[in-house]
Structure formats: structure tokens, C-alpha cells
Amino acid sequence: MSVRHERSRPVDRRVRVQGRPVGTFPALPPEAERGSVRRVTVVGEEVLRRPCREVTEFGTPELSALIDDMFLTMYVADGAGLAANQVGVDLRLFVYDCPDDEGIRHVGHIVNPVLDQPDPGSRRLVDDFEGCLSVPGAAMAVPRTDRAVARGYDKDGSPLVIEGTGYFARCLQHEADHLVGHTYLDRLSKRDRKDALRQMEDRREEVFAQRAVKAADLGR
């Protein structure tokens with residue numbers, strides 16, 4: 001019996017914006033161009049420990065401005081995702097600009113997200129290093145599922161379904177954790193949590209200095 005070789009379909013490598021492929025997209029999204037840098041909250045601050053409130057008003061200038069500011073703040077801090085409580089606003093919202101394991105870039109925001117994960121029987125956990133802009137300078141291995149789906153809305157109230165695999169699935173799970181008042185430290189053993197906090201204390205000032213330089217380079 002001969003081996004049957006099936007021709008694999010080519011991967012669509014276009015950037016996904018709000019879950020949809022686009023022809024071209026700039027390195028710095030329009031939201032970041034419009035935004036202002038906000039201070040990133042640090043683990044230990046109360047706003048990071050409580051569940052965020054649902055967004056009830058869509059299409060407002062305030063919500064658009066918050067998203068713009070979050071995008072720019074994320075870029076200045078060299079992040080792949082940022083939740084609203086990481087800029088001190090306790091609303092169920094996060095932004096992202098993150099590659100998946102195929103190298104495909106995913107960019108967007110999602111409001112009031114609900115995360116779907118695979119059933120336990122088909123779930124595959126992957127240990128990989130993870131950092132957090134609110135735990136500056138630290139990185140630890142965290143188990144996450146290799147697939148995740150976030151269902152929510154865009155800033156105008158239109159429904160969104162964002163599917164992620166690999167590293168982008170990790171990003172969706174990480175940001176969804178923030179919105180229920182958790183950081184990745186909550187998924188670590190007591191020993192590993194202490195190690196992460198020690199890393200943060202050793203490196204945080206260097207990280208803050210790098211962010212200040214990048215903000216200055218962007219003229220912000």
C-alpha cells in the first residue's frame with residue numbers, strides 16, 4: 001500500500017485586523033497614531049485585582065479615545081496585548097497586536113469578551129514563557145491551551161469572533177485573565193511567583209527607562 005501525499009493548502013499570511021485578512025496594514029496602526037501614552041499599572045495595584053465592569057455604551061468618543069491610547073501605550077511598552085485595567089480603567093476591553101505560531105500578525109480590539117477554550121478531551125496545554133507589561137522585566141513559563149476563541153464586540157457594538165492559535169491563543173487567554181482580575185502570576189506556583197517578583201524588582205527600572213526612550217522617539 002503506497003503512502004498518499006495530500007497537497008497542503010497555502011497559508012494566507014495577510015494581516016488579520018479584527019479577525020479579517022487585509023491587503024496592507026502599517027507597522028503602527030491608525031489607533032496608535034491618534035493615541036496618547038498612559039501609565040501602565042503594576043502588579044499590586046487594586047485595579048488589577050478586581051473584575052472589570054461591562055462596557056454598556058458603544059460608539060462613544062471616550063471609548064474610541066481609550067482604545068487609541070491603549071494601542072499607543074502597548075507599543076511604547078513593547079507589548080503584544082493590553083487590557084484596560086492595565087491603564088487604570090476597569091472596563092472589559094483589551095487590544096492586541098500579536099503574531100501566531102505561523103507568523104501571521106493579528107491586530108485589533110475586543111469589548112466585553114467571553115473566552116471559549118477547547119473541551120478537556122481535545123485540549124492541548126503548552127508551556128511557554130510569558131511576560132506582562134504590569135509585571136515589568138519578568139518572564140515565566142505558563143501552561144495555556146494552544147487554541148482559544150474570544151467572542152465579544154467592537155467599539156461600535158458590532159459582534160466579533162476572534163480565533164487564535166499558538167502564541168496568539170496565549171495572548172487572548174492572558175488578556176482575558178486580566179479582565180477577571182488575574183495576572184499570569186496567579187497561575188504560577190508560590191515558588192515561581194516569588195521568582196517572577198524578584199525578576200521584576202531587579203529589572204523594572206531598566207524597563208521603565210526603555211519605555212521612556214521609546215515614547216520620546218515617537219514624540220509622545
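Tutor: Let us begin with a helix, where the expected span is 1.5 Å times one less than its number of residues. At 1.5 Å a residue, the 14 residues of α3 should span 20 Å, and its end C-alpha atoms lie 21 Å apart, which agrees. Helices (H or I, at least four residues) and strands (E, at least two) are DSSP runs, numbered from the N terminus. Before going on, note that this is a predicted model, in which local features need pLDDT of at least 70 and side-chain atom pairs count only at pLDDT 80 or more, while totals for chains, interfaces and linings use all residues. Residues are numbered from 1 along each chain as its sequence is written, and side-chain values use heavy atoms, with hydrogens and water left out.

Student: How many helices and strands does the chain have, and in what pattern do they follow along the sequence?

Tutor: The chain has four helices and nine strands, and read along the sequence they give β-β-α-α-β-β-β-β-β-β-β-α-α. The radius of gyration, taken over C-alpha atoms, can be set against the globule rule, which is 2.2 Å times the number of residues to the power 0.38. For this chain the radius of gyration is 18 Å, close to the 17 Å that the rule gives for 220 residues, so the chain is as compact as a globular protein of that length.

Student: Is α3 mostly covered or mostly open?

Tutor: We call a residue buried under 20% relative accessible area, exposed over 50%, and partly exposed in between (1.4 Å probe, protein chains only). By that rule α3 is mostly covered, with 13 of its 14 residues buried, whereas in the chain buried residues make up 46% of the 220 residues. Just after α3, Gly181 takes a positive phi of about 90°.

Student: Which residue does UniProt list for "active site"?

Tutor: The unreviewed UniProt entry lists Glu175 for "active site"; UniProt positions are given in the numbering used here, feature names are shortened, and annotations may be inferred rather than shown by experiment. Glu175 lies in helix α3, which covers residues 166-179, and at 3% relative accessibility Glu175 counts as buried.

Student: What is Glu175 in contact with, leaving aside its neighbours within four places in sequence?

Tutor: Contact means heavy atoms within 4.5 Å, and with those neighbours left aside, Glu175 is in contact with Gly81, Leu82, Ala83, Gln86 and Phe94. The side chain of Glu175 also reaches the backbone nitrogen of Ala83 at 3.3 Å.

Student: Where is Gly166 found, and what does Gly166 touch?

Tutor: Gly166 is found in helix α3 as well, and with a relative accessible area of 17% Gly166 is buried. Not counting residues up to four places away in sequence, Gly166 touches Asp101 and Asp146. Gly166 and Asp100 are 66 residues apart in sequence, yet 5.5 Å apart in space, C-alpha to C-alpha.

Student: Which residues other than glycine have a positive phi?

Tutor: Among them is Gln18, with a phi of about 55°, in the loop between β1 (16-17) and β2 (20-21). Another is Asn112, whose phi is near 50°; Asn112 lies in strand β5, residues 105-116, and counts as buried at 8% relative accessibility.

Notes. A polar contact is a pair of N or O atoms within 3.5 Å; within protein, one must be able to donate a hydrogen and the other to accept it, and residues adjacent in sequence count only if both atoms are side-chain atoms.
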